[in-house]
Amino acid sequence: ACCSYRLRDALHPLWQSPLTIPGGTRQSPINIQWRDSVYDPFLKPLKISYDPTTCLHIWNNGYSFLVEFDDSTDRSVIVGGPLENQYRLKQFHFHWGAINEWGSEHTVDSKFYPAELHLVHWNAVVYPTFEEAVMEGNGLAVIGVFLKLGAHHEGLQTLVDALPAVKHKDAVIEFDVFDPSCLIPSCPDYWTYAGSLTTPPLTESVTWIIKKKPIEVDENQLEAFRMLLFTSDGEEEKRMVDNFRPLQPLMNRTVRSSFQ
Ligand SMILES: COc1ccc2c(ccc[n+]2C(=O)c2ccc(S(N)(=O)=O)cc2)c1
Ligand SMILES: [Zn+2]
């Protein structure tokens, strides 16, 4: 049963598209080999300022669940770190596994976490729209935060409580006040490298900022992610699990660290 499960899973419609981008030289996710990362003393601290009232809604896009924000002004932005410009928050979402042994997209010294949070920002200083920024090398900045099994996470619970309402693909509910900074560890340490989106269109437009410290969530909270469905209401149910892309080759890239 297990192998057919994995086989069926491996043929999941999402990955029938080419797993690699022809000529891709900066694909994501990657394994972060701690000892190969290079401390860069010129990296600035990342400055995060989110306005919780810019939160709009939660929706199930058939791949993950996304919390989307009003990105028509500079009310929720990040600046500093490895970034040349200020980037606007557009959405955040997660990737997770069917079991706690895997689920994150990035790994650290080949270790998977059970889940990974992505906060997606775009360079509205240089590009007029998100869609254009998605196509440019310095268009996007994604903060990655690892989730590990541990204590109950108060801030995440408000999100978890809303998940049953977006169980099916294309379901959406209003979610009008949420401050995603409660999901970001206070420890300032991060790794950064030049990469790509990890789902189609897989464009090589992302400056990745991966927080060194994970946040802790409890088993019930991870299980709540796993009760979501890839499928629409009325279709044969497929649980939304293992929505992470396989690791990609590092090729000619260096991962920098903001810490020694
Ligand atoms: C131009 O057409 C697009 C553009 C972007 C699309 C997308 C479909 C899904 C996700 N996106 C995303 O924005 C997207 C995809 C992946 C990620 S990730 N997992 O953080 O790399 C973030 C954001 C289609
Ligand atoms: Zn993602």
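How many bridges join S3 and strand S6 (residues 77–80), and in which sense do they pair?

1. Welcome to this predicted model, where local features need pLDDT of at least 70, side-chain atom pairs count only at pLDDT 80 or more, and totals for chains, interfaces and linings use all residues. Residues are numbered from 1 along each chain as its sequence is written, and side-chain values use heavy atoms, leaving out hydrogens and water.

2. To the opening question: S3 and S6 pair in the antiparallel sense over four bridges, with Leu46 opposite Gly80 in S6. Strands (E, at least two residues) are DSSP runs numbered from the N terminus, and two strands pair if DSSP finds at least two bridges between them.

3. S6 is also joined to S7 by two bridges, again running antiparallel; here Ile78 stands opposite Tyr87. The two form a hairpin with six residues between them, and Gly81 in the turn has a positive phi of about 55 degrees.

4. Have a look at Thr54, in the loop between strand S3 (46–49) and strand S4 (55–60). Thr54 counts as buried because its relative accessibility is 0%, where buried means under 20% relative accessible area (1.4 Å probe, protein chains only). A polar atom of the Thr54 side chain lies 2.6 Å from the backbone oxygen of Asp51. Not counting residues up to four places away in sequence, Thr54 touches Glu68, Phe69, Asp70, Arg75 and Ser76; contact means heavy atoms within 4.5 Å.

Conventions. Chains lettered and ligands numbered in written order. Buried < 20%, exposed > 50% of the residue type's maximum accessible area, 1.4 Å probe, protein only. Polar contact = N/O pair within 3.5 Å; in protein donor to acceptor, adjacent residues only side chain to side chain.
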